[in-house]
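Me: I would like to learn how to read side-chain features in a model. Please take them one at a time.

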Amino acid sequence: MSALTPDLYAYFNGHWTFARTMFGADDILIGAADGVAEFVPAENSSSLHYKESGQLRLSADQRVVAFSRRFHYDIAGNMVRVAFADGIQAGQAYQSYRYDPTQRALLPMQTHLCIMDRYDGSYRLIDADHFDLYTRIEGPHKDYLLHTRFTRCAG
């Protein structure tokens, strides 16, 4: 692995907490969520299984909704390929990223299309215990920006 690329497998591996905000058009807060996430080794030494669960508080009516989601991360050098690991899309590719050492970020190599809505994400690696995930969702049915701050659990 290049000296410019961190060991992405080691970086993500472990338990995290997260706080997420969801903004709609004109930067209107739609909701906020918090929860726990974990990246655990898969059978294949270059892959991690990701699972998150938490609670979303919707701004409009203050309703609280529990959620969970799973993904599969295949990591090879400076590349990360993410696939869905639950629901009807299980096994399907979601997005691929390449690490950019100048920005200390995983940047998307392609856009994920869900019908006519586009999903673009980027991971900003802040330090050993924090990273941000920004996801922009645009299209005829959606217009959101999600910002998720992950913090590594102590221990």
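Me: What should I know about the numbers before starting?

Reply: This is a predicted model, in which local features need pLDDT of at least 70 and side-chain atom pairs count only at pLDDT 80 or more, while totals for chains, interfaces and linings use all residues. Residues are numbered from 1 along each chain as its sequence is written, and side-chain values use heavy atoms, with hydrogens and water left out.

Me: How is a nonpolar core read, and which residues touch the most other members of the largest one here?

Reply: In soluble globular proteins, nonpolar side chains tend to be buried together. A nonpolar core is a set of buried Ala, Val, Leu, Ile, Met, Phe, Trp, Tyr and Cys residues joined through side-chain atoms within 4.5 Å. Buried means under 20% relative accessible area, exposed means over 50%, and partly exposed is in between (1.4 Å probe, protein chains only). In this model the largest nonpolar core has 28 residues, and Phe 12, Tyr 73 and Tyr 123 touch the most other members.

Me: What does Phe 12 touch, not counting residues up to four places away in sequence?

Reply: A contact means heavy atoms within 4.5 Å. With those sequence neighbours set aside, Phe 12 touches Phe 39, Leu 48, Leu 106, Tyr 123, Leu 125 and Phe 131.

Me: How are aromatic pairs described, and how many are there?

Reply: A pair of aromatic rings is described by the distance of the centres and the angle of the planes. Rings of Phe, Tyr and Trp (its six-membered ring) pair if their centres lie within 6.5 Å; planes under 30 degrees apart count as stacked, over 60 as edge-to-face and the rest as tilted. The count by this rule is 19 aromatic pairs. One of them joins Phe 12 and Phe 131 edge-to-face, with 5.1 Å centre to centre and 85 degrees between the planes. This pair links distant parts of the chain, 119 residues apart: Phe 12 is in helix H1 (residues 8-12) and Phe 131 in strand E10 (residues 130-138). Helices (H or I, at least four residues) and strands (E, at least two) are DSSP runs, numbered from the N terminus. Phe 12 counts as buried because its relative accessibility is 0%, and Phe 131 is buried with a relative accessible area of 0%.

Me: Which class does the pair of Tyr 50 and Tyr 73 fall into, and why?

Reply: The ring centres of Tyr 50 and Tyr 73 are 5.9 Å apart and the planes are at 50 degrees, so the pair is tilted. Tyr 50 lies in strand E3 (residues 47-58) and Tyr 73 in strand E4 (residues 64-76), so the pair ties together parts 23 residues apart in sequence. Tyr 50 counts as buried at 4% relative accessibility, and Tyr 73 does so at 5%.

Me: How many salt bridges does a search of the whole structure find?

Reply: A salt bridge is a side-chain nitrogen of Lys or Arg within 4 Å of a carboxyl oxygen of Asp or Glu. The search finds eight. Among them, Asp 34 pairs with Arg 57, the closest N and O atoms being 3.6 Å apart. This pair links distant parts of the chain, with Asp 34 in strand E2 (residues 29-41) and Arg 57 in strand E3, 23 residues apart. Asp 34 is partly exposed at 37% relative accessibility, and Arg 57 is partly exposed at 33%.

Me: What else surrounds Arg 136, leaving aside neighbours within four places in sequence?

Reply: Arg 136 lies in strand E10 and is in contact with Arg 118, Tyr 119, Asp 120, Asp 143, Tyr 144 and Leu 145. The C-alpha atoms of Arg 136 and Asp 120 are separated by 5.2 Å, although these residues are 16 residues apart along the chain. A polar contact is a pair of N or O atoms within 3.5 Å; within protein, one must be able to donate a hydrogen and the other to accept it, and residues adjacent in sequence count only if both atoms are side-chain atoms. A polar atom of the Arg 136 side chain lies 3.0 Å from the backbone oxygen of Tyr 144.

Me: Where is Asp 100 found, and what does its side chain reach?

Reply: Asp 100 is found in strand E6 (residues 93-100). Asp 100 is buried yet has no salt bridge, and the nearest side chain of opposite charge, Arg 124, is 7.2 Å away. For charge, Lys and Arg count as positive and Asp and Glu as negative, while His and the chain ends are not counted. The side chain of Asp 100 reaches the backbone nitrogen of Thr 102 at 2.8 Å.
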